[in-house]
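Please work through the following exercises with the sequence and the structure at hand. Each task is followed by a solution in steps.

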Amino acid sequence: MDTGILILRLLVGLLVAGHGVQKISSHLGGRGLEGGTAEFRADGFRGGALTAVAAGGGQIGSGLLLTAGFLTPLAATGAVGVMTVALTVKWRHGLWVQNDGYEYPLVLIGTAVALTATGPGAWSLDSALGLTPYPLWWAGVVLVAGLGSGLLTRLVLHRPTPAAPADTAAPGLH
């Protein structure tokens with residue numbers, strides 16, 4: 001079981017961290033900080049470069065902590081938070097990734113919560129430092145705190161889409 005958890009932690013943690021690297025640099029196929037900033041602006045977010053750095057840094061930090069199996073509930077909360085924001089951006093496209101949907105962020109959210117529920121395994125810094133096992137209720141805390149922080153970020157940083165001006169004149173009175 002520990003081998004499976006290690007593989008899962010490495011895969012998910014490195015993917016989350018790599019996704020963050022793409023937001024703020026030209027590594028791993030990223031378009032640099034300018035590209036990350038443009039992506040957030042195109043998705044309707046305020047804050048420009050600061051938003052890209054915060055999102056990228058959050059993904060890098062939480063991904064590396066998950067990879068190492070260190071402070072797993074904190075790492076998972078960070079991953080759930082940033083992936084919740086991504087999910088809200090992709091929500092209008094539906095579930096499936098081939099339609100630019102939220103399938104991938106949802107899988108990462110579920111995996112981060114599951115890693116909290118199972119624990120990071122024997123081959124982790126949490127285990128080496130005697131921090132495990134985490135009580136199962138931590139998975140609920142991670143889910144609530146991660147979803148809450150992601151939704152709050154969306155609420156604070158997302159600009160509402162301007163409504164189209166309504167033509168309120170009576171027909172024929174233009």
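Helices are DSSP runs of H or I with at least four residues, numbered from the N terminus. The model examined here is predicted.

**Exercise 1. Describe helix α2 and the residue that follows it.**

Solution. Begin with the extent of the helix: α2 covers residues 32-42. Next, identify its buried residues, which are G32, G35, G36, T37 and F40. These buried residues pack against α1 (2-24) and α3 (48-68). Finally, pass beyond the helix: α2 is followed by G44, which has a positive phi near 95°.

**Exercise 2. Determine how α4 is oriented towards α7 and towards α5.**

Solution. Two packed helices are described by the angle between their axes and the distance between the axes.

Step 1. Helix α4 (residues 72-90) packs with helix α7 (residues 137-157) at an angle of about 40°, and their axes are 7 Å apart. The pair is therefore oblique. The crossing of α4 past α7 is right-handed. Among the residues making this contact are A76, V80 and T84 of α4 and W138, G146 and T153 of α7.

Step 2. With helix α5 (residues 103-118), α4 forms an angle of about 160°, the axes being 8 Å apart. Because angles over 145 degrees count as roughly antiparallel, α4 is roughly antiparallel to α5. Here α4 passes α5 in a left-handed crossing. The contact includes A79, M83 and L87 of α4 and L108, A112 and L115 of α5.

**Exercise 3. Find backbone features in the loops.**

Solution. Most residues other than glycine have a negative phi, and most peptide bonds are trans.

Step 1. In the loop between α1 and α2, L28 has a positive phi of about 55° although it is not a glycine. L28 is exposed, at a relative accessible area of 58%.

Step 2. In the loop between α4 and α5, D100, also not a glycine, has a positive phi of about 65°. D100 is partly exposed, with a relative accessible area of 37%.

Step 3. In the loop between α6 and α7 lies P133. The peptide bond from T132 to P133 is cis, with omega near 0°.

Conventions. Residues are numbered from 1 along each chain as its sequence is written. This is a predicted model: local features need pLDDT of at least 70, side-chain atom pairs count only at pLDDT 80 or more; totals for chains, interfaces and linings use all residues. Side-chain values use heavy atoms; hydrogens and water are left out. Axes are lines fitted to C-alpha atoms, for helices over the stretch in contact, and angles run from 0 to 180 degrees between N-to-C directions. Helices (H or I, at least four residues) and strands (E, at least two) are DSSP runs, numbered from the N terminus. Angles under 35 degrees count as roughly parallel, over 145 as roughly antiparallel, 65 to 115 as roughly perpendicular and the rest as oblique. A crossing is left-handed if the near helix is turned anticlockwise from the far one by less than a right angle, and right-handed if clockwise. Contact means heavy atoms within 4.5 Å. Buried means under 20% relative accessible area, exposed over 50%, partly exposed in between (1.4 Å probe, protein chains only).
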